[in-house]
Amino acid sequence: MPETKEQINKRLMKRIEANDPVAMRHIGTEKYDEGDFNAAFEYWSKAAALGDVMAHYLLSFLYRDGQGVEKDEKKALHHLTEAAIGGDSDARYSLGCLEKEKGREDRAVKHYIIAAKLGYDRSLESVKDLYKAGQVSKDDFAAALRGHQAAVDATKSPQREEAAAFTKWLAERERMKT
(Lines give C-alpha, C1' and ligand atoms only; values in the text may rest on other atoms or scores of the structure.)
Protein backbone atom coordinates (compact mmCIF):
# COMPACT_ATOMS: atom_id res chain seq x y z
CA MET A 1 0.00 0.00 0.00
CA PRO A 2 1.33 3.44 -0.85
CA GLU A 3 1.97 5.52 2.24
CA THR A 4 2.39 9.07 0.97
CA LYS A 5 0.38 11.30 -1.35
CA GLU A 6 3.36 11.26 -3.72
CA GLN A 7 3.30 7.45 -3.84
CA ILE A 8 -0.45 7.45 -4.42
CA ASN A 9 -0.12 9.95 -7.27
CA LYS A 10 2.70 7.94 -8.81
CA ARG A 11 0.48 4.85 -8.82
CA LEU A 12 -2.45 6.80 -10.23
CA MET A 13 -0.30 8.16 -13.07
CA LYS A 14 0.85 4.63 -13.83
CA ARG A 15 -2.80 3.54 -13.96
CA ILE A 16 -3.63 6.48 -16.24
CA GLU A 17 -0.85 5.41 -18.62
CA ALA A 18 -2.61 2.02 -18.71
CA ASN A 19 -5.90 3.78 -19.64
CA ASP A 20 -7.62 3.15 -16.32
CA PRO A 21 -10.78 5.31 -16.40
CA VAL A 22 -11.23 5.21 -12.62
CA ALA A 23 -7.75 6.65 -12.08
CA MET A 24 -8.50 9.33 -14.70
CA ARG A 25 -11.73 10.23 -12.95
CA HIS A 26 -9.92 10.39 -9.61
CA ILE A 27 -7.23 12.77 -10.90
CA GLY A 28 -9.92 14.78 -12.69
CA THR A 29 -11.76 15.17 -9.40
CA GLU A 30 -8.58 16.32 -7.68
CA LYS A 31 -8.06 18.90 -10.44
CA TYR A 32 -11.66 20.03 -10.10
CA ASP A 33 -11.26 20.45 -6.34
CA GLU A 34 -8.13 22.54 -6.99
CA GLY A 35 -10.16 24.76 -9.34
CA ASP A 36 -8.43 23.52 -12.50
CA PHE A 37 -11.61 22.90 -14.49
CA ASN A 38 -9.77 22.56 -17.82
CA ALA A 39 -7.66 19.68 -16.50
CA ALA A 40 -10.73 18.12 -14.84
CA PHE A 41 -12.51 18.28 -18.20
CA GLU A 42 -9.59 16.56 -19.95
CA TYR A 43 -9.35 13.71 -17.44
CA TRP A 44 -13.11 13.21 -17.15
CA SER A 45 -13.53 13.28 -20.95
CA LYS A 46 -10.93 10.54 -21.35
CA ALA A 47 -12.53 8.48 -18.58
CA ALA A 48 -15.99 8.91 -20.14
CA ALA A 49 -14.66 7.87 -23.54
CA LEU A 50 -13.39 4.70 -21.85
CA GLY A 51 -16.86 4.01 -20.45
CA ASP A 52 -16.70 5.48 -16.96
CA VAL A 53 -20.33 6.31 -16.09
CA MET A 54 -19.46 8.62 -13.19
CA ALA A 55 -17.20 10.64 -15.49
CA HIS A 56 -20.21 11.29 -17.72
CA TYR A 57 -22.14 12.47 -14.68
CA LEU A 58 -19.34 14.81 -13.64
CA LEU A 59 -18.97 16.19 -17.18
CA SER A 60 -22.66 17.09 -17.11
CA PHE A 61 -21.92 19.57 -14.30
CA LEU A 62 -19.05 21.17 -16.18
CA TYR A 63 -21.26 21.73 -19.22
CA ARG A 64 -24.21 22.86 -17.11
CA ASP A 65 -22.13 25.40 -15.21
CA GLY A 66 -19.67 26.35 -17.96
CA GLN A 67 -16.62 25.35 -15.93
CA GLY A 68 -13.60 24.64 -18.14
CA VAL A 69 -15.91 24.48 -21.15
CA GLU A 70 -18.48 26.69 -22.78
CA LYS A 71 -21.87 26.35 -21.11
CA ASP A 72 -23.91 23.88 -23.17
CA GLU A 73 -27.24 22.49 -21.96
CA LYS A 74 -27.41 19.90 -24.76
CA LYS A 75 -24.02 18.46 -23.88
CA ALA A 76 -24.88 18.57 -20.19
CA LEU A 77 -28.07 16.61 -20.90
CA HIS A 78 -26.17 14.19 -23.14
CA HIS A 79 -23.66 13.32 -20.41
CA LEU A 80 -26.37 13.15 -17.76
CA THR A 81 -28.34 10.77 -19.98
CA GLU A 82 -25.27 8.62 -20.65
CA ALA A 83 -24.66 8.34 -16.92
CA ALA A 84 -28.30 7.43 -16.26
CA ILE A 85 -28.30 4.81 -19.01
CA GLY A 86 -25.10 3.44 -17.49
CA GLY A 87 -26.90 2.87 -14.19
CA ASP A 88 -25.96 5.96 -12.18
CA SER A 89 -28.87 6.55 -9.79
CA ASP A 90 -27.90 10.18 -9.09
CA ALA A 91 -28.02 10.91 -12.82
CA ARG A 92 -31.34 9.11 -13.20
CA TYR A 93 -32.83 11.10 -10.33
CA SER A 94 -31.46 14.32 -11.83
CA LEU A 95 -33.13 13.51 -15.15
CA GLY A 96 -36.38 13.08 -13.24
CA CYS A 97 -35.93 16.50 -11.64
CA LEU A 98 -35.27 18.09 -15.06
CA GLU A 99 -38.38 16.47 -16.51
CA LYS A 100 -40.46 17.66 -13.56
CA GLU A 101 -39.14 21.22 -14.01
CA LYS A 102 -40.27 21.06 -17.64
CA GLY A 103 -43.76 19.94 -16.57
CA ARG A 104 -43.37 16.39 -17.89
CA GLU A 105 -44.58 14.61 -14.76
CA ASP A 106 -45.05 11.22 -16.45
CA ARG A 107 -41.44 11.13 -17.62
CA ALA A 108 -40.21 12.40 -14.25
CA VAL A 109 -42.06 9.59 -12.49
CA LYS A 110 -40.44 6.99 -14.75
CA HIS A 111 -36.97 8.31 -13.94
CA TYR A 112 -37.73 8.48 -10.21
CA ILE A 113 -39.02 4.89 -10.19
CA ILE A 114 -35.93 3.62 -12.02
CA ALA A 115 -33.64 5.45 -9.58
CA ALA A 116 -35.64 4.15 -6.62
CA LYS A 117 -35.22 0.61 -7.94
CA LEU A 118 -31.47 1.27 -8.03
CA GLY A 119 -31.63 1.97 -4.29
CA TYR A 120 -31.63 5.77 -4.43
CA ASP A 121 -33.35 7.07 -1.29
CA ARG A 122 -34.19 10.60 -2.50
CA SER A 123 -35.89 9.14 -5.54
CA LEU A 124 -38.01 6.84 -3.42
CA GLU A 125 -39.04 9.88 -1.36
CA SER A 126 -40.05 11.66 -4.58
CA VAL A 127 -42.12 8.67 -5.68
CA LYS A 128 -43.74 8.58 -2.24
CA ASP A 129 -44.56 12.30 -2.42
CA LEU A 130 -46.03 11.89 -5.90
CA TYR A 131 -48.05 8.90 -4.68
CA LYS A 132 -49.46 11.02 -1.83
CA ALA A 133 -50.33 13.71 -4.39
CA GLY A 134 -52.16 11.14 -6.52
CA GLN A 135 -49.65 11.28 -9.40
CA VAL A 136 -48.29 7.75 -8.92
CA SER A 137 -50.45 4.64 -8.73
CA LYS A 138 -50.40 2.36 -5.72
CA ASP A 139 -48.97 -0.43 -7.89
CA ASP A 140 -46.13 1.77 -9.19
CA PHE A 141 -45.32 2.97 -5.68
CA ALA A 142 -45.32 -0.61 -4.35
CA ALA A 143 -43.07 -1.75 -7.21
CA ALA A 144 -40.65 1.13 -6.55
CA LEU A 145 -40.63 0.29 -2.84
CA ARG A 146 -39.96 -3.41 -3.48
CA GLY A 147 -37.25 -2.59 -6.03
CA HIS A 148 -35.60 -0.13 -3.65
CA GLN A 149 -35.57 -2.66 -0.82
CA ALA A 150 -34.14 -5.36 -3.11
CA ALA A 151 -31.36 -2.99 -4.23
CA VAL A 152 -30.54 -2.07 -0.64
CA ASP A 153 -30.55 -5.73 0.42
CA ALA A 154 -28.28 -6.64 -2.50
CA THR A 155 -25.63 -4.25 -1.23
CA LYS A 156 -25.42 -5.92 2.17
CA SER A 157 -22.70 -8.49 2.72
CA PRO A 158 -19.92 -9.11 5.22
CA GLN A 159 -17.35 -8.25 2.54
CA ARG A 160 -18.99 -4.88 1.82
CA GLU A 161 -19.15 -4.07 5.52
CA GLU A 162 -15.48 -4.99 5.88
CA ALA A 163 -14.57 -2.88 2.84
CA ALA A 164 -16.55 0.07 4.20
CA ALA A 165 -14.76 -0.21 7.54
CA PHE A 166 -11.40 -0.36 5.77
CA THR A 167 -12.25 2.69 3.63
CA LYS A 168 -13.29 4.58 6.74
CA TRP A 169 -10.04 3.59 8.44
CA LEU A 170 -8.01 4.77 5.41
CA ALA A 171 -9.84 8.09 5.28
CA GLU A 172 -9.25 8.63 9.00
CA ARG A 173 -5.58 7.74 8.61
CA GLU A 174 -5.23 10.16 5.69
CA ARG A 175 -6.99 12.90 7.65
CA MET A 176 -4.60 12.44 10.55
CA LYS A 177 -1.59 12.84 8.25
CA THR A 178 -2.67 16.29 7.11
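Predicted model: local features only at pLDDT ≥ 70, side-chain atom pairs only at ≥ 80, totals over all residues.

User: Why is Tyr 57 called buried?

Analyst: A residue counts as buried under 20% relative accessible area. Tyr 57 has a relative accessible area of 12%, and therefore it is buried. The residue lies in helix α4, which comprises residues 53-65.

User: Which residues does Tyr 57 touch, leaving aside those up to four places away in sequence?

Analyst: Contact requires heavy atoms within 4.5 Å. Tyr 57 touches His 79, Leu 80, Ala 83, Asp 88, Asp 90, Ala 91 and Ser 94.

User: What makes Ser 89 buried?

Analyst: The relative accessibility of Ser 89 is 17%, and the cut-off for buried is under 20%. Ser 89 therefore counts as buried. Ser 89 lies in helix α6 and touches Ala 115, Leu 118 and Tyr 120, not counting residues up to four places away in sequence.

User: How do you know that the length of helix α7 agrees with its number of residues?

Analyst: At 1.5 Å a residue, the 13 residues of α7 (residues 105-117) should span 18 Å. The end C-alpha atoms of α7 are 18 Å apart, so the two values agree. Among the buried residues of α7 are Ala 108, Val 109 and His 111. The buried residues of α7 pack against α6 (89-101), α8 (121-132) and α9 (138-154).

User: Why are the buried residues of α8 said to line one face of the helix?

Analyst: The buried residues of α8 are Ser 123, Leu 124, Ser 126, Val 127 and Leu 130. Seen down the axis of α8, these buried residues fall within an arc of 155°, so they line one face. In general, an α-helix has 3.6 residues a turn, so residues three or four places apart point the same way. On the other side of α8, Asp 121, Arg 122 and Lys 132 are exposed. The buried residues of α8 pack against α6, α7 and α9.

User: What makes the pair Lys 5 and Glu 30 a salt bridge?

Analyst: The rule asks for a side-chain nitrogen of Lys or Arg within 4 Å of a carboxyl oxygen of Asp or Glu. For Lys 5 and Glu 30 the N to O distance is 3.1 Å, and the pair meets in a salt bridge. This pair links distant parts of the chain, with Lys 5 in helix α1 (residues 5-17) and Glu 30 in helix α2 (residues 21-33), 25 residues apart. Lys 5 is partly exposed, with a relative accessible area of 47%, whereas Glu 30 counts as buried at 18%.

User: How many salt bridges does the rule give?

Analyst: The count comes to eight salt bridges. One of them joins the side chains of Arg 64 and Asp 65, at 2.8 Å from N to O. Salt bridges that share partners also join Glu 99, Arg 104 and Arg 107 into one network.

Key. Residues numbered from 1 in each chain as written. Heavy atoms only, no water. Helix = DSSP H or I, 4+ residues; strand = E, 2+ residues; numbered from the N terminus. Expected span 1.5 Å × (residues − 1). Buried < 20%, exposed > 50% of the residue type's maximum accessible area, 1.4 Å probe, protein only. Arc of directions from axis to C-beta.
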